[in-house]
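Trainee: I am new to this structure and would like to understand how its descriptions are reached. Could we go through them with care, setting each value against its cut-off?

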Amino acid sequence: MAPPQFEHSTAQWQALDAAHFLHPFTDFKALAAKGSRIITRADGIYLWDSDGHKIFDAMSGLWCVNVGYGQRPLIEAATHQLETLPFYNAFFQTATPPAIALAHKLSQLSPPGFEHVFYTSSGSEGNDTVVRMVRRYWDVLGQKSRKTIISRRNAYHGSTVAGASLGGMPDMHEQGDLPIPGIVHIDQPHYSEHAQPGESRDDFGRRAASWLEAKILEVGADKVAAFIGEPVQGAGGVIIPPDTYWPEIQRICDQYGILLVSDEVICGFGRTGYWFGCERFGTRPDLITFAKGVTSGYVPLGGVLVGERVARVLIDQGGDFNHGYTYSGHPVACAVALANLELIEQMGLVQRVRHETGPYLAQQYAKLLEHPLVGEAETCGLMGALKLVRRKATDTSPAEPFPSSVGAGMVCRGHCFANGLIMRAVGDRMIIAPPLVLTCEQIDEMMGLIRKCLDLTWTELTGV
Ligand code: PXG
């Protein structure tokens, strides 16, 4: 039974919502006129809205509900911790058992050479921590001029001032005079956008990585502190780099001695079929940002895994690191994270994505290339992208996109909503990141829904 304050009709919820709630990344006026969709409950990979519609959640909430909804061990961990010690801070030389136990667990699950963690409540705060930590690292080493962080256009690293600056989203930079000084960008390794005619994926990957070296030389190698990137760009549209890209990035970082930061807020905790995306793509980062999947989104938690290169300097040289948050190491969040990570292990979800559901999804996605609307279909683990096109590429001509005024992605997203499927539109790329508990039968169910929505979109856009 819902408590009485949650018993309202859809219309009542929408009116209250429009009257009081400013949603993130939203045109407030347009949403108030239209009315929000109200989600009231969830189980497994399904959501239900306030009108009782069942919805297939192919976005895991917002790339986070890795173990699916309704998992008892997480609920019990939260309840137990709320009863025992709902909050205590980690400032002033104190700690709580869940924060310590999770730090130990993370050191076991993370790649070799990661023994320490700094906690935050979100991915954005994690990346703010990265900015402050890499600059502190170079300061302590006496290389104070090393301040610049190189990131990529169309990256997403959060929405705080530093997070949005690290990100490469023009719409975000426009609203706030961003990026802040000391953050510069290179182009993304997006093959279909940036490859030259006839260039292989592998050659393109190496060329895209060379843009990092060019930028280091332009800024001055003694001024560059770090390079940050998502193994696979998530919010930018599931941009999967060629396999040659990350090893070359690693080589360049090593050559110039700059820190490598892997933003694993989306790729972490099994999404790519590995515990961390850097393991899938063969890099040895110095810092790893995480959030989302660490608790499967049940409660907010984020942070930075700190590799030995940085940790040894910050710990051994001593001195305060003047940074942290009220909720750094929140005991309830850490208890839930611990239960979540143990469940991912017990269910073998990382291996399942790598060996079973990931390859099966890839196979099914490849078949979508037969659909007239689909110009590209790519997956990595349990992330996938479809590019909607008006005409497919041929041997002699590139694919023809829909004019942006058509809003093909939004048309498709509308059909998905109406047919009980949550897929996200990034321009004309339709993307998914379903819960890692997804079975092959549920992939079949999802593919049926996707095909239906593609058919409806094709008919609406072409009249055929
Ligand atoms: N880094 C990456 C790679 C992310 O994807 C963040 C940092 C920031 O995390 P927080 O917890 O501060 O939101 C993210 C978040 C979308 C979407 O529409 C993606 C994110 C957040 C909101 C919307 O795809 N990613």
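Trainee: Where in the chain does Phe 25 lie?

Mentor: Before anything else, keep in mind that this is a predicted model. Phe 25 lies in the loop between α1 and α2 (28-34).

Trainee: What makes Phe 25 count as exposed?

Mentor: Its relative accessibility is 61%, and exposed means over 50%, so Phe 25 counts as exposed. Phe 25 also has a positive phi of about 45 degrees, although it is not a glycine. Most residues other than glycine have a negative phi.

Trainee: Why is Ser 60 called buried?

Mentor: Ser 60 has a relative accessible area of 0%, and the word buried is used under 20%, so Ser 60 is buried. Ser 60 lies in helix α3 (residues 60-63), and, not being a glycine, it too has a positive phi, of about 50 degrees.

Trainee: Where is Thr 272 found, and why does Thr 272 count as buried?

Mentor: Thr 272 is found in the loop between β8 (259-263) and α12 (277-281). Its relative accessibility is 4%, and the limit for buried is under 20%, so Thr 272 counts as buried. Leaving aside residues up to four places away in sequence, Thr 272 touches several residues, including Arg 280, Val 353, Cys 380 and Met 383.

Trainee: Is Ala 19 buried or exposed?

Mentor: Ala 19, which is found in helix α1 (residues 10-20), has a relative accessible area of 52%, and because exposed means over 50%, Ala 19 is exposed.

Trainee: What marks the peptide bond that joins Leu 178 and Pro 179?

Mentor: That bond is cis, with omega about 0 degrees, and Pro 179 is found in the loop between α8 (170-174) and β6 (183-186). Most peptide bonds are trans.

Trainee: Where does the kink in helix α15 (residues 349-367) lie?

Mentor: The kink lies at Thr 357, shortly before the proline Pro 359, and amounts to about 40 degrees. Among the buried residues of α15 are Thr 357, Leu 361 and Tyr 365, and what covers the buried residues of this helix includes α14, β11 (374-380) and α17 (440-462).

Trainee: Which residues touch the most other members of the largest nonpolar core?

Mentor: They are Tyr 365, Leu 386, Met 446 and Ile 450, in a core of 66 residues. Helix α14 (residues 331-347) gives the most to this core, with 10 residues, and the core draws at least three residues from each of domain 1 (37-70 + 348-462) and domain 2 (72-347). Among the residues that Tyr 365 touches, not counting those up to four places away in sequence, are Leu 386, Met 423 and Ile 450.

Trainee: How many residues of domain 1 are in contact with domain 2?

Mentor: There are 33 residues of domain 1 in contact with 37 residues of domain 2, while the C-alpha centres of domain 1 and domain 2 lie 26 Å apart.

Note on methods:
Residues are numbered from 1 along each chain as its sequence is written. This is a predicted model: local features need pLDDT of at least 70, side-chain atom pairs count only at pLDDT 80 or more; totals for chains, interfaces and linings use all residues. Side-chain values use heavy atoms; hydrogens and water are left out. A nonpolar core is a set of buried Ala, Val, Leu, Ile, Met, Phe, Trp, Tyr and Cys residues joined through side-chain atoms within 4.5 Å. Buried means under 20% relative accessible area, exposed over 50%, partly exposed in between (1.4 Å probe, protein chains only). Helices (H or I, at least four residues) and strands (E, at least two) are DSSP runs, numbered from the N terminus. Domain bounds come from an automatic or database domain assignment. Contact means heavy atoms within 4.5 Å. The bend at a residue is the angle between axes fitted to the seven residues ending there and the seven starting there.
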